[in-house]
Amino acid sequence: MQQTADVAVLGAGMVGVSAALHLQARGRDVALVDRHGAAGLETSFGNAGLIERASIFPYLFPRDPRDLLYYALNLSPQAHYHLSALPGVASWLLRYFRESGPERAKSHALAALPLVERCLEEHDALIEVAGAGELVRRIGWIKLYRSESRLAKGLADAERLREFKLRIEVLDADALAALEPDLARVAGAVHFLDTCSVADPSAVAQSYAALFQQRGGRFLAGDVRGLQQTRDGRWSVPTHDGQVIARDLVVALGPWSDQIFRPLGYDLPFAVKRGYHMHYAVAEGAKLSHPVLDADNGYVLAPMTRGVRLTTGAEFARRDAKPTPVQIDWDEKLARTLFPIRERLDPKPWMGCRPCFPDMLPVIGKAPRHQGLWFDFGHQHHGFTLGPVSGRLLAEMMTGAEPFTDPAPYAVDRFR
Ligand SMILES: Cc1cc2nc3c(=O)[nH]c(=O)nc-3n(C[C@H](O)[C@H](O)[C@H](O)COP(=O)(O)OP(=O)(O)OC[C@H]3O[C@@H](n4cnc5c(N)ncnc54)[C@H](O)[C@@H]3O)c2cc1C
């Protein structure tokens, strides 16, 4: 059976669901399509659940020679790489290195700022109507530093954020112990109070998708790789319920977006940083209240509905290569010295892929060479945070409304 829609949104992660809601709110008849027929089951499932209002500066390619040596030798828990992936990813890494230089990194941070500043407001507008409030904690998150030298660097980084008017508290060992009594004593920590977190990111994405459906949106299952543009310029998207014919198409397939943009002839510098998670039981009587980053080692412990979730740093590997969760094993040992986690609760580590461009900015906007083709992906470490605000910007552009910010920094053709 064939059906029509104004817009087909491909991908029902946090980014696609949010775009669908914003387009619907502006009067568009939207069909949301995902191969799972359910929302938030991929990258938006397994992240650390942070709505990272305080993350002004992007995750940069390290420049410290000692760090670089550790990464090169695969000796750091923060990052891991597959030797076999290097030929494919080397030029991307070089570009990432260049974009991480002090001047460019600052300019990218300022370019992302309008999105970051509005991220929580846009989530809040959805959380309330979607009835997801119970999943949200408004107590910030903590970056802790085990050594004095790392703490000094962490405090300097936090100081750079003061100009952005964020609520930041420096915690000495006693103050941290008062907030999180079951953590081991460390040199100190920084508490970012503006950040929110959720106890189940997938459930939040699903509540947004349910809202979209309650408001009359169609949510269809299907693998969209066979999509085609018809002679009259519309898009024909395959689903299990037949073709959806839509005037506009939004690609929001997160780390799989290249499966659509490459065959359409767009050569974008797109790569993934893989990451893992594992849930743990907690020793009787112990409690972790805040998400905590062990900044010396690059993993997060976050209290979640299913237990304490440990999420790892980045792994550079082909997206579809076999999972190699060595960072989970490594981080788990370190985490056990920090907080009394007990046995693993998942049968195997979960793996997800952060969709990334070298400037750590997403692509949000019109694809220049095709009628009715729009992109909304590449939200790197912060797609859960930035989904709703990106959806607003995209919907404003697609419906001819005044965009709340200049979309030029996120343009598809910024890569030359
Ligand atoms: C370990 C880890 C921790 C993270 N922590 C955080 C955090 O705390 N805060 C934060 O903001 N971000 C975090 N991130 C990043 C964040 O999870 C991602 O940026 C975000 O989930 C990307 O959302 P998305 O909607 O673009 O992609 P996804 O959530 O991956 O959604 C893409 C969708 O496309 C669908 N799809 C793919 N191919 C097809 C196809 N051929 N046909 C139909 N459907 C298809 C998939 O089924 C999926 O539902 C983390 C990531 C990782 C890996």
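I count a residue as near a molecule or strand if one of its heavy atoms lies within 4 Å of it. With that cut-off I looked up the ligand first.

**Setting.** I am working on a predicted model, where local features need pLDDT of at least 70, side-chain atom pairs count only at pLDDT 80 or more, and totals for chains, interfaces and linings use all residues. I number residues from 1 along each chain as its sequence is written, and side-chain values use heavy atoms, with hydrogens and water left out.

**Ligand.** Which residues come nearest to the ligand? I find D34, T43, S44, H381 and T385, out of 32 residues around the ligand. Next I looked up polar contacts. I take these as pairs of N or O atoms within 3.5 Å; within protein, one must be able to donate a hydrogen and the other to accept it, and residues adjacent in sequence count only if both atoms are side-chain atoms. A polar backbone atom of V15 is 3.1 Å from a ligand oxygen. N47 places a polar side-chain atom 3.1 Å from an oxygen of the ligand. For G49, a polar backbone atom is 3.3 Å from a ligand oxygen.

**T43.** I find T43 in helix α2, residues 43–46. My helices (H or I, at least four residues) and strands (E, at least two) are DSSP runs, numbered from the N terminus. I use contact for heavy atoms within 4.5 Å. Leaving aside neighbours within four places in sequence, T43 is in contact with P255, W256, W350, C353 and R354. T43 and S202 are 159 residues apart in sequence, yet their C-alpha atoms are 9.0 Å apart.

**Domains.** I take the bounds from an automatic or database domain assignment. Domain 1 covers 3–44 + 202–269 + 359–415, and domain 2 covers 59–91 + 135–199 + 270–356. Their centres, over C-alpha atoms, are 29 Å apart. I see 22 residues of domain 1 in contact with 14 of domain 2.

Buried area is the accessible area (1.4 Å probe) that two parts lose on being put together, summed over both. The two domains bury about 1,500 Å² between them, 66% of it on carbon and sulfur atoms. On the domain 1 side, P255, M360 and H381 lose the most area to domain 2, together 35% of what that side buries.

**Polar links between the domains.** For a salt bridge I require a side-chain nitrogen of Lys or Arg within 4 Å of a carboxyl oxygen of Asp or Glu. I count one between domain 1 and domain 2. I also count seven residue pairs in polar contact there, both residues at pLDDT 80 or more. α8 (201–214) and α9 (258–261) each give two or more residues to the side of domain 1 that touches domain 2. α9 gives the most, three residues.

**Salt bridges overall.** How many salt bridges does the structure hold? I get 27. One joins E396 to R26, with the closest N and O atoms 4.0 Å apart. E396 lies in helix α11 (residues 383–398) and R26 in the loop between α1 (14–25) and β2 (30–34), so the pair ties together parts 370 residues apart in sequence. D258 and R319 also pair by their side chains, at 2.9 Å, N to O.
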